[in-house]
Amino acid sequence: MKKKTSKQCEVCRKEFGNRDLYPLTLIRSNVFALAEQKYPGISRQGFVCFPDLHKISAIHFEEILKREKGALSELEIEVVQSLKQQDLLSGNVNKEFEEKLTLGDRLADKIATFGGSWTFILLFGFILICWMCINSFQYLNEPFDPFPYILLNLVLSSLAAFQAPIIMMSQNRQASKDRLTQEGDYQVNLKSELQVRQLNTRLELFMKHHWQKMHEIARTQEEIITSLENSIKNK
């Protein structure tokens, strides 16, 4: 029974199978230079495990972002850390936001939702019509709010005074929710862009390495054919 071949990772110095290693020769020179600064003593002809490869790529992306954007924001730092750990950035913003809401926040949202519905408009319109009709009929000797309905104006003013801040509170929370959604979209898009750039770079290096190998094989074949032709001529 054959033993499984294994090699050592140049970064963590642990043994891995061939399928769990990536050749450092396929890493760009500038990326390898950054890796060499972070992990002194690594060999260009060696191999690196995929978790450490992600860390090296994250270091490279961090340098790219610093060069293009200057100082990194908290969102960009989280993206770099996500690349290092291979964590997910996307999440359910609605669920996370609702878990932080207090009882007052939930009540304000429900009041704002009800105040902006047709149910509220129809119900409140019916109440206003009933109020004015009851206080306008002549057979009532002493209406509780005679024309011009001063008490009704006071009720409407008080309702508007309470309703406006409640609606603003709900709108402010919606704005905060939209901001969190936009920040999450920015992080996901930035991570996707960096990963696509990384894939394109790896593909280019792989094709270059493959082309070099094919060129060496073709040159070897030509040398063998030439040698065979010379040996045939000499006979």
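1. A surface patch here is built from residues with over 30% relative accessible area and no salt bridge, and nonpolar side chains are joined within 5 Å. The model is predicted. On its surface, Ile134, Phe144, Leu151, Leu154 and Val155 form a nonpolar patch. Together these residues have about 440 Å² of accessible area.

2. Which helix gives the most to the nonpolar patch? Helix H7 (residues 150-234) does, with three residues. Leu151 lies in helix H7. Its relative accessible area is 35%. Leu151 therefore counts as partly exposed, because that class runs between 20% and 50%. The value also passes the patch cut-off of over 30%.

3. Now the interior. In soluble globular proteins, nonpolar side chains tend to be buried together. The largest nonpolar core in this model has 17 residues. Cys9, Val11, Tyr22, Ile27, Tyr39, Val48 and Ile56 touch the most other members. Strand S3 (21-23), helix H1 (29-38), strand S4 (47-49) and helix H2 (50-69) each give two or more residues to this core.

4. With neighbours within four places in sequence set aside, Tyr39 is in contact with Val11, Lys55, Ile56 and Ile59. A second core is separate and has ten residues, including Leu65, Leu72, Val80 and Leu190.

5. On charge pairing: side chains of opposite charge can pair when their charged atoms come close. How many salt bridges does a search of the whole structure find? It finds six. One of them joins the side chains of Glu10 and Arg13, at 3.3 Å from N to O.

6. Glu62 and Lys66 form a salt bridge, with 3.6 Å between the closest N and O atoms. Both residues sit in helix H2, four residues apart, or about one turn of the helix. Glu62 is partly exposed at 22% relative accessibility. Lys66 is partly exposed too, at 40%.

7. Arg179 is partly exposed at 43% relative accessibility, and Glu183 is partly exposed at 28%. Elsewhere, salt bridges with shared partners join Asp105, Asp109 and Arg173 into one network.

Methods
Residues are numbered from 1 along each chain as its sequence is written. This is a predicted model: local features need pLDDT of at least 70, side-chain atom pairs count only at pLDDT 80 or more; totals for chains, interfaces and linings use all residues. Side-chain values use heavy atoms; hydrogens and water are left out. Patches are made of residues with over 30% relative accessible area and no salt bridge: like charges are joined within 9 Å, nonpolar side chains (Val, Leu, Ile, Met, Phe, Trp, Tyr) within 5 Å. Accessible areas come from the Shrake-Rupley method with a 1.4 Å probe; for residues, only the protein chains shown count as cover. A salt bridge is a side-chain nitrogen of Lys or Arg within 4 Å of a carboxyl oxygen of Asp or Glu. Buried means under 20% relative accessible area, exposed over 50%, partly exposed in between (1.4 Å probe, protein chains only). A nonpolar core is a set of buried Ala, Val, Leu, Ile, Met, Phe, Trp, Tyr and Cys residues joined through side-chain atoms within 4.5 Å. Contact means heavy atoms within 4.5 Å.
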